[in-house]
Every structure is written in C-alpha cells, then in structure tokens.
Amino acid sequence: MKISLATVGFAVPLIAGLVLAFIGHPVVQAPPQPVTASAPAGSLSAAAAPPATSGFVLNSVSVELPTSDTAFPGGAKADAITANCLSCHSAGMVLTQPDLSKAAWTGIVEKMIHAYKAPVAETDVAAIVDYLQETKGAK
Amino acid sequence: MTRTTRRSFLGQAGLGGLMIVSGAGWGDTASAQSTVDLPLPGGPDRRAMTTAFPQKGPMILQRTRPPLLETPFEVFDRGVFTPNDAFYVRWHWAVIPTEIDVASFRLSVRGHVDKELSLSLKDIVDGLPRVELAAVNQCSGNSRGFSEPRVAGAQWANGAMGNARWMGVKLKDVLDRAGVKPGAVAVRFAGLDEPVVADAPKFMKSLSLDHARDGEVMIAYAMNGEQLPLLNGFPLRLVVPGWYSTYWVKMLDRIEVLATPDESFWMKSAYLVPDTPGANMKPGQTGLAMVPITSMVPRSFITNLKGGETLKAGAKVAVRGIAFGGTTGVKAVDLSTDGGATWQPTVLGKDEGKYGFRQWQTEVTPPAGDLALMVRCTNDDGLAQPMTNNWNGSAFMRNGVETLQVKVA
C-alpha cells in the first residue's frame with residue numbers, strides 16, 4: 001500500500017500542523033532550553049516546595065493481555081519444542097529469530113535451562129536442537 | 001496525544017522502510033489484521049501488525065507473551081514526542097499484573113537505610129516535589145535485526161525507542177526520606193513482574209549510589225501528561241536519562257539500598273557489552289572483558305522518506321528526521337549525498353531538552369540516478385556516529401550512520 005507523502009503529512013491535523021510549522025520556518029531556531037530536570041516553579045527546592053496541590057490524578061487500571069495461539073509448525077517433529085518452550089514465551093520468540101548455527105541453537109537451549117531455569121527434560125534437548133537446526137539452521 | 005486510527009495508520013504505513021502486505025505472519029499472530037515486512041537481512045522479515053494490546057494503537061508484534069511491541073517507524077516523523085499509545089513495549093517475564101489498584105499500591109524502600117519506607121502513590125504524587133524531563137527511552141538491542149552476522153534476541157528494526165516528557169519525583173528525594181546509611185554503594189530496583197518459573201532470576205537492575213542520587217534519575221508517574229500505559233510500567237517507572245532502557249524498571253515497587261555491589265543475574269550475567277570502544281568486537285573474538293551496558297550513544301534517522309522510493313530529478317525535496325545525543329544534547333546533524341566524502345549541515349528543530357529527540361531538516365536537489373542519503377549526529381561532547389556499525393554477540397549499542405537508498409528520476 002503506497003500513499004503519497006502529502007497524504008501522510010496531513011493524516012493527523014494536529015501533527016501536520018506541527019510539522020508544517022517546522023518546515024515553514026527552517027531558519028528560525030528556538031533558543032536552547034534549560035536541559036536539566038526542569039520542574040514547575042517552586043518545586044526545585046525540596047525544602048521550600050509545598051506539596052503539589054495541582055494533584056495529578058492516577059486511576060486504577062484493569063486490562064486484558066492477549067494470548068498467542070501460534071503453534072510451532074512441523075507436526076510431530078515439533079512435539080519436543082512445543083512441550084518445553086512455550087511456558088515462558090510464545091512461539092514468536094523463536095519464530096522471529098534468524099537462521100543460526102547449530103552451535104548457537106545449542107547454546108540458546110542451554111541458556112534457557114541454566115540461566116532461566118527452563119524445566120526441559122534432558123531427553124528432549126537433542127530433539128529441540130534438531131528441530132531448530134532443521135527449521136532455522138544457518139545453511 | 002493523538003490516537004492513531006486504523007485509517008490514518010494505513011495511510012502512513014509507507015514511510016520508514018516499512019511496507020504493509022497482507023497474509024499470514026511468521027511470528028505470533030494475536031488477532032492481526034495486517035502484516036509488515038521489516039527489511040532484516042536474511043529474514044524472517046514478516047511481522048503481524050496488532051491492535052490487540054491495551055492502551056496501544058497499531059504496533060509491530062515481535063512477541064505476544066510477554067509482549068514485545070515495536071513502534072511503527074512512521075510515528076517518528078510526526079514530532080519529537082512519541083505518543084503513549086505508540087510507545088514500544090518490552091518485558092522479560094510473562095507474569096505481569098493486569099490490574100493495578102492505585103489506592104493499595106505501595107513502593108517500598110528497604111535495605112541499607114535509616115528508615116524503611118512504604119509509600120503510597122498519594123505520598124509520591126502529592127508529597128514530593130514534582131519534576132519533568134524529556135528523555136529518550138531506547139532498548140539496548142534496538143535495531144538488533146540489522147546486525148550482521150545476525151544474533152539471537154528480540155529482532156527489532158529501529159522502533160524499540162521513544163521519547164516522552166516524563167513527570168515524577170527525583171529518586172534522590174525518595175532516598176533522602178529513607179536516609180541512606182554510610183557504606184551504601186548501590187541501589188537496586190525491581191517491579192511487580194515475576195518470572196514464570198519460581199527459581200528463575202527475577203528482573204532487577206541497579207545503579208551506583210552516586211548515579212541514583214544525581215538528582216536526574218527519577219521515578220515517573222506520567223509520560224506525555226498522562227499516566228503510564230500499563231505496558232510501559234504503570235503506575236511507576238524509573239527514568240534514567242541518557243542510559244539504555246534496561247535500567248528504566250517498569251511497575252517499580254521496590255527499591256533496595258545495597259551495602260555491597262549487585263551480583264544478581266540481570267547485572268552480572270545479562271546486558272553485558274565488550275569493554276571496547278563502541279562495544280565493538282569481531283564475531284568469534286574471545287577473551288574480552290564484559291561489562292554492564294550503561295549510557296547511550298548518538299543516533300539519527302531520516303523519517304520522511306523511505307528506502308527505495310523515487311524522487312524527482314532536479315526538484316527540491318525536504319529531508320527531515322530525528323536525532324538524539326545519548327548522555328548529552330545534539331550539537332549537529334549532517335547529511336551526506338556522496339557516501340560520506342562531504343557533509344552538509346541541517347537545521348535543528350526546537351530543543352526540548354538534551355536527553356530527548358531533536359528534529360532536523362534540510363533540502364536536497366538531486367540529479368537523476370541512485371542516491372544514498374547518509375545522516376550523522378554529533379552530540380554536545382563532540383561524539384559523532386561512526387561510519388560503520390559495531391558488532392557484538394547481543395547486538396547492543398548499534399549506532400552507525402544510517403544510509404537510505406532512493407532513486408531519482
């Protein structure tokens with residue numbers, strides 16, 4: 001899908017306005033502003049500052065996070081990785097990885113087990129590495 | 001902040017080297033309606049675009065659980081502040097509370113202090129001086145997907161960064177309330193997120209005591225004038241200006257003053273870089289000292305053109321983008337159209353603070369042919385982006401001069 005630049009700049013009026021303001025006055029530079037943690041008047045000196053009364057209000061939040069239904073492809077060949085590698089992260093963690101050497105994949109599986117305490121059955125390690133090597137191994 | 005509608009999002013999807021295509025994604029597919037191709041060398045480059053995450057507009061889905069959501073690059077052309085609903089998301093462990101009650105939430109301060117504290121949000125928001133600061137939050141591994149040879153980890157393009165105006169209180173003020181005891185050396189931070197497996201290392205990070213008390217490190221309860229989206233760390237997040245995001249602990253609920261250096265996993269065994277200039281090494285090189293990643297280095301990007309597009313020969317075209325200096329401000333952004341042999345200065349936009357994004361722009365009138373646009377930021381310390389990218393085993397701290405290839409006809 002291609003849309004011309006003009007469309008892009010005007011898609012959101014507020015933003016387009018900002019962009020245009022910037023484009024419209026390319027030689028006008030705002031003077032440098034104070035750069036350290038700048039606070040509303042009065043609040044830089046802790047002793048003198050009264051508690052902020054302008055009361056920033058925080059509201060409780062309740063949300064739902066989506067789950068992933070992405071499965072490792074490959075049928076029965078994927079049984080070992082499916083059984084061991086989906087408890088801490090969804091399959092996307094693995095499927096987005098580039099093709100890596102067998103040594104690199106072995107290292108990753110070892111890291112999951114030793115550093116992140118992945119409960120992987122010792123007898124499944126070879127099958128997992130083989131699957132990774134076959135589906136995402138450096139050629 | 002403007003909420004991006006699906007229509008306006010699609011309207012802008014052509015920018016930043018991204019291309020919307022339809023079809024099944026290679027990665028996770030949380031109710032995705034469309035996909036995007038990131039130009040990662042060797043792939044896989046297809047990702048789902050998702051609108052399934054709370055308080056978020058369309059995001060590039062890198063991983064559903066725990067969420068890794070990348071900011072679509074065209075967002076960076078719209079101004080220097082990254083809208084909250086487009087701000088990238090990165091979690092390590094999947095046990096993330098989905099309900100936060102502002103009345104019962106407490107931030108504890110413990111360890112090597114005179115008086116342990118348990119602060120309510122009201123104590124923090126109403127009881128301590130408020131500070132505000134614009135700062136870039138960038139993942140240590142932003143742009144990892146471009147690293148060659150490729151390395152494992154979240155396969156980000158350039159969108160694991162964002163700039164916000166953070167509002168909160170100074171960490172120093174909180175530490176002073178507790179009273180740091182003599183002999184303290186570091187301060188450790190942790191949030192409400194928990195590992196899935198009981199004996200796995202909880203995510204915690206620490207700063208030296210001096211850094212923690214520098215008056216700039218803050219505990220933020222708002223970004224861009226609103227409370228933080230849950231996925232960006234609601235209700236409290238540490239802000240460590242100039243430092244990589246790994247230190248910006250989300251859902252911060254415990255602060256621990258340490259009398260001995262932090263030896264825990266995420267400081268000692270993860271987020272390490274080779275102790276070499278630019279964290280650069282050769283693939284396969286061994287025997288290098290590894291040290292915790294710390295402060296950011298300058299970067300700059302073109303945001304209004306996309307790779308492969310065709311410009312009109314002999315016509316003036318505006319080129320603009322964003323830059324940031326890392327631990328200090330942007331001194332200059334220069335553009336080269338001859339492979340880096342010569343550089344022309346660009347005009348910088350309003351300075352919103354030395355830790356934030358700074359917009360830049362210039363014009364070129366290119367002759368017909370292939371054109372490589374290179375952009376280079378030099379920060380106020382005189383540190384400029386290198387012409388070639390670094391390499392290390394985690395693809396951390398990538399900041400080489402970016403090149404955008406376009407055609408002119």
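**Notebook: salt bridges, pockets and one asparagine**

I started with B:Arg165, which is partly exposed because its relative accessible area is 31%; buried is under 20%, exposed is over 50%, and partly exposed is in between, with a 1.4 Å probe and protein chains only. The model is predicted, so I kept in mind that local features need pLDDT of at least 70 and side-chain atom pairs pLDDT 80 or more, while totals for chains, interfaces and linings use all residues. Residues are numbered from 1 along each chain as written, chains are lettered from A and ligands numbered from 1 in written order, and side-chain values use heavy atoms, without hydrogens or water.

**Entry: the partner of B:Arg165**

I looked for its partner and found a salt bridge to B:Glu352, with the closest N and O atoms 3.2 Å apart. (The rule: a Lys or Arg side-chain nitrogen within 4 Å of an Asp or Glu carboxyl oxygen.) This pair links distant parts of the chain, 187 residues apart: B:Arg165 sits in strand β11 (residues 161–170) of chain B, and B:Glu352 in the loop between β25 (347–348) and β26 (358–364) of chain B. Helices (H or I, at least four residues) and strands (E, at least two) are DSSP runs numbered from the N terminus.

**Entry: other salt bridges**

How many salt bridges does the structure hold over all chains? I noted 17.

One of them joins B:Asp77 to B:Arg320, with 2.7 Å between the closest N and O atoms. B:Asp77 lies in the loop between β5 (68–70) and β6 (89–90) of chain B and B:Arg320 in strand β22 (residues 317–324) of chain B, so this bridge ties together parts 243 residues apart in sequence. I checked burial too: both B:Asp77 and B:Arg320 are buried.

Next I looked at B:Asp262 and B:Arg188, whose side chains meet in a salt bridge at 2.7 Å, N to O. B:Asp262 is in the loop between β17 (252–258) and α5 (265–268) of chain B and B:Arg188 in strand β12 (residues 186–191) of chain B, so parts 74 residues apart in sequence are tied together. B:Asp262 counts as buried at 10% relative accessibility, and B:Arg188 is buried at 14%. I also found a network: B:Glu194, B:Lys202, B:Asp253 and B:Arg254 are joined by salt bridges that share partners.

**Entry: the largest pocket**

I put the space in the largest pocket at about 1400 Å³. It has 50 lining residues, and those closest to its centre are A:Lys111, A:Met112, A:Tyr116, B:Ala152 and B:Gly153. Elements giving two or more residues to this lining are α3, α4 (92–95) and α5 (102–114) of chain A, plus α5 and β18 (272–274) of chain B. Which element gives the largest share of the lining? I found that α5(A) does, with 7 residues.

For the pocket, I used a 1 Å grid over the protein atoms alone: an open set of points with protein on both sides within 12 Å along at least five of seven lines, lined by residues with an atom within 4 Å of a point. Points join across faces, edges and corners, and volume is the space filled by probe spheres set on them.

**Entry: A:Asn84**

I ended in helix α3 (residues 79–84) of chain A, where A:Asn84 is placed. Buried or exposed, I wondered about A:Asn84? A:Asn84 is buried, because its relative accessible area is 11%. Leaving out residues up to four places away in sequence, A:Asn84 touches A:Pro119, A:Val120, A:Ala121, A:Asp124 and A:Ile128 (heavy atoms within 4.5 Å).

Notes: 1 Å grid on protein atoms, 1.4 Å probe; cavity = no way out; pocket = protein on both sides within 12 Å on 5 of 7 lines; lining within 4 Å.
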